[in-house]
Amino acid sequence: MKNLILSLLIICSLKGYTKHIVLDKRIVISSLMKIGNPIRIDNSIVVNNPRELKAAVSKARPGDIVILKDKEWSNAAMQLSGKGTAAQPVVIRPETPGGVIFTGQSYLQLSGEYLLVKDLHFKNGYTPKREVISFRTSEDLLANHCRVTGMVIENYSQQERFRSDTWVTFYGKNNRIDHSTFVDKLNLGPVIIAELNDERSQQNNHLIDSNYFKGRSRLGANGGETIRIGVSRYSLTASKTTIAHNFFEHCNGEVEIVSIKSGENRVCFNTFFECEGGLVLRHGSDNLVEGNFFMGNNKPFTGGVRVINPRQSVFNNVFYRLQGTNFRAPLSVLNGVPNSLINRYYQVKDARIERNTFVDCSNILFGAGKDAERTLAPENVQFKKNLIATSREEIYTDANNDQGIIFSENGLVNSDKKTPADTYYGKVPDGFFKAKADTYKINGIELPYHKLYGADLKNLKIITPEKTGAAWYHTETKKAWRKPKITFLKASQSSLMAMTLKEALAGDTIVLTETGFYPLKEELLINKTLVLMAAKSLKSRPVFVNASIKSLPAFITLENGGNLTVKGIAFRGNYESFANADAGIRSTDKPMNKPYKLTIDDCEFFAYNESTNSGFYGSKSTLADSLIVRNSIFHHLSGSGIDLSAEKDDKGIYNAEYTLITNCVFTNLMGTAINIYRGGNDESTLGPFVKIDHCTFNEVENREQGSAVKLIGAQQVSFLNSNFSYSGQGGRAIFFQEYRWDNIIVDHCNFYESGKVESFYQRVLGSHIYHIKPEYTDLKKLNLEWTGPAPASADQFRIGTFSQHRNAQIN
């Protein structure tokens with residue numbers, strides 16, 4: 001080493017770099033980096049950019065260490081090909097764990113053998129390729145026996161929600177990703193994929209282990225899996241991939257958290273924490289699900305395992321307080337399709353479901369998805385030696401009841417702590433018996449235990465976040481440099497509003513202090529969490545109007561990262577001889593990958609004179625996490641009141657996850673009051689969820705075959721305590737196009753001189769439907785509260801709207 005350092009000093013002296021150099025190899029390296037050349041010390045080489053990195057890896061010998069200089073590497077395109085050995089891999093790492101941050105449009109591709117890449121950080125960007133990390137550098141050059149560990153990928157989603165990519169894609173054989181952290185992928189495409197597109201990547205023995213999948217927001221479309229192994233085209237091929245010891249937290253992208261679409265895979269000893277979906281054996285056979293802990297904690301939509309195709313094995317798992325139903329049931333065994341195409345549903349045959357423990361879960365479902373297409377019942381499914389702790393009277397539902405499910409030696413215990421465990425009061429089905437179980441505690445959770453039935457708890461270790469992910473990574477907590485503040489604006493200061501919103505910090509409030517017109521010449525852009533409101537003391541609403549000769553797409557536009565509460569403001573579509581505004585509020589038509597939240601309270605939308613105009617408009621490829629509209633009025637519109645129908649591709653995509661509309665008036669609308677659309681028959685998503693309560697619809701959409709309210713494809717609908725008068729007379733008051741599993745109810749509603757309620761299965765109406773002429777407080781002043789005797793509602797208020805906060809603007 002001394003001779004090496006002396007040689008380096010001589011070189012530095014000749015080149016004029018000896019100033020401040022002492023005999024310390026770290027300082028020698030630092031000084032020589034100024035020259036811009038990679039430096040080799042022993043078997044290590046330090047590189048400063050992607051070009052040097054590529055060259056160093058290609059020339060590396062087994063056992064060499066390639067060290068990336070700690071710094072931000074922006075737009076780094078890394079295509080690394082090298083060859084180590086099992087005993088001496090080529091190691092590629094930063095100077096310090098997490099010290100290299102890849103930003104912009106950086107990506108990593110690997111090929112060769114026995115490369116070990118560790119402790120890198122991808123942040124604040126997105127890949128320009130199909131993957132962030134790929135185990136191949138081209139279609140011809142794949143990686144084998146390579147390992148990627150200690151990685152973190154966060155805030156690295158495509159800017160557009162439906163531009164697809166994956167964060168890690170496996171090719172080749174015997175590759176591994178482990179102890180890595182993946183934070184909330186927002187765009188289309190799984191977090192991890194194993195491809196089986198040719199023989200070089202089949203029967204691959206890949207390993208995905210000890211990773212922390214830290215959240216995945218609802219995508220609102222198919223393609224939000226966390227892990228997918230294979231595709232339907234190659235599903236009859238064995239992958240032999242192992243997914244083990246991972247922690248999945250709040251992975252809610254879609255119904256399939258882990259989607260197995262190939263054969264002979266093992267999914268073992270993982271924890272699924274409060275995930276809205278399940279582990280799905282979607283295609284392929286001979287897969288094993290063992291030793292996993294599904295922890296729902298009574299959260300809605302939390303699921304377990306879905307079984308499809310022949311010869312699947314599910315044993316020694318714990319299903320804890322899962323409350324999902326249908327495809328999100330704690331355990332669902334599907335019906336198959338006769339003569340099924342490879343991408344549909346093969347019949348379940350010869351499955352083993354043994355030694356599992358179910359605690360306080362919703363019903364197990366056999367024959368899930370039974371419909372006109374899926375008619376083949378499961379066959380020879382052994383449900384044996386499972387332990388079920390429940391206080392429910394019904395343990396499972398069998399849609400077929402044809403003895404294709406063979407129950408034997410299953411134990412039942414009462415989960416109600418007020419009652420002895422072996423006192424089960426429900427009917428005990430064949431193949432079950434009342435068992436007396438002990439209590440065994442794992443990580444503070446008390447579980448029923450029996451040495452002969454249920455999971456082997458004493459040898460089952462729950463995976464926790466601390467045991468997974470990149471050890472060096474810690475979530476940053478950003479502190480605001482000041483407390484949220486309130487800014488007051490007079491009508492004469494309306495020209496300052498756009499800049500005020502731009503300069504505001506998240507959490508700020510802007511208060512309009514005067515009634516009358518607030519003329520705007522540009523749309524107001526919201527890309528953070530803000531409140532925009534009228535002063536509480538005002539008796540009428542300040543009115544936004546367009547004061548420009550150019551039309552505005554909307555007065556307010558929510559951009560990526562935007563969340564808004566707007567209170568007590570009126571939005572007038574046309575004003576004097578100025579151009580129109582196309583909408584009061586809209587989501588942007590620019591790329592957007594984050595779901596937004598919008599609350600509209602005590603607002604008014606009126607005087608929009610084009611059929612394409614809307615009070616609120618959800619643009620294509622945007623998703624509202626929640627749209628809450630309350631105490632508001634929509635009147636004298638040629639277009640729609642609330643339009644969430646932009647996704648017309650019929651792929652199961654929709655514009656809002658939760659839509660809650662309460663105590664609102666829709667009157668004198670030529671178009672539809674509320675238009676929500678989700679087309680196609682995709683079964684991977686939960687929404688849209690729609691709740692409409694105490695609303696009044698008067699003289700709305702009376703054109704031929706029109707609909708006052710359209711709820712096409714909404715899967716969860718509660719339509720209560722609402723009043724229709726003279727609406728939908730040319731067609732329908734409410735129009736549904738639902739599927740048999742959708743949860744829809746219309747009840748405590750009045751329809752006077754209005755159209756029909758139309759649905760595909762004609763079973764949405766409750767028993768409290770009325771046809772009574774309403775008496776309104778003051779129709780001319782747009783006060784449509786019901787006076788006098790009114791039909792019964794489901795709560796203490798009268799049917800229809802029950803209060804109006806401020807005076808409406810009368811044209």
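These legends go with a set of close-up views of one predicted protein model.

Some ground rules before we zoom in: this is a predicted model, where local features need pLDDT of at least 70 and side-chain atom pairs count only at pLDDT 80 or more, while totals for chains, interfaces and linings use all residues. Residues are numbered from 1 along each chain as its sequence is written, and side-chain values use heavy atoms, with hydrogens and water left out.

**View 1. The whole chain, before the close-ups.**
The protein chain has 4 helices and 75 strands (these are DSSP runs, H or I of at least four residues for helices and E of at least two for strands, numbered from the N terminus). Its C-alpha atoms fill a box of roughly 100 × 80 × 50 Å along the principal axes. A compact globule of 811 residues would have a radius of gyration near 28 Å, and the 31 Å of this chain agrees with that (the radius is taken over C-alpha atoms, and the globule rule is 2.2 Å times the number of residues to the power 0.38). Of the 811 residues, 60% count as buried; buried means under 20% relative accessible area, exposed means over 50%, and partly exposed is in between, using a 1.4 Å probe and protein chains only. Take contacts between residues at least 6 apart in sequence: 74% of them join residues at least 24 apart (contact means heavy atoms within 4.5 Å).

**View 2. The largest pocket.**
This pocket has a volume of about 1000 Å³. On a 1 Å grid over the protein atoms alone, a pocket is an open set of points with protein on both sides within 12 Å along at least five of seven lines, a cavity is a set where a 1.4 Å probe fits but cannot get out, and lining residues have an atom within 4 Å of a point. Points are joined across faces, edges and corners, and a volume is the space filled by probe spheres set on them. There are 46 lining residues, and Asn 222, Arg 344, Asn 681, Asp 682 and Glu 683 are the closest to the centre. Elements giving two or more residues to the lining are β15 (166-170), β24 (256-261) and β27 (278-283). By class, the lining has 12 nonpolar, 15 polar and 19 charged residues (Ala, Val, Leu, Ile, Met, Phe, Trp, Tyr, Cys and Pro count as nonpolar, Asp, Glu, Lys and Arg as charged, and the others, Gly among them, as polar).

**View 3. The second largest pocket.**
Here the volume is about 770 Å³. Of the 23 residues in the lining, Asn 124, Glu 154, Asn 155, Lys 478 and Lys 594 sit closest to the centre. Sorted by class, the lining splits into 6 nonpolar, 9 polar and 8 charged residues.

**View 4. The largest cavity.**
The structure holds 4 cavities of 30 Å³ or more, and the largest has a volume of about 80 Å³. Its lining is made of 14 residues, with Cys 361, Ser 362, Ile 388, Thr 390 and Ile 395 nearest the centre. Both β35 (357-359) and β38 (387-390) give two or more residues to this lining, and β38 supplies the largest share, 3 residues. The classes come out as 8 nonpolar, 3 polar and 3 charged.

**View 5. Gly 324 in its loop.**
Find Gly 324 in the loop between β32 (318-320) and β33 (331-334). With 1% relative accessibility, Gly 324 counts as buried. Leaving out residues up to four places away in sequence, Gly 324 touches Phe 301, Thr 302, Ala 329, Pro 330 and Ser 362. Pro 300 is 24 residues away in sequence, yet its C-alpha is 5.9 Å from that of Gly 324.

**View 6. His 771 on show.**
His 771 sits in the loop between β73 (769-770) and β74 (776-778). Its relative accessible area is 59%, so His 771 is exposed. Beyond its neighbours within four places in sequence, His 771 is in contact with Asn 750, Phe 751 and Tyr 752.

Most residues other than glycine have a negative phi, and most peptide bonds are trans. Asp 602 is not a glycine but has a positive phi of about 55°; look for Asp 602 in the loop between β55 (596-601) and β56 (604-608). The peptide bond from Gly 687 to Pro 688 is cis, with omega near 0°, and Pro 688 lies in the loop between β63 (674-677) and β64 (689-693).
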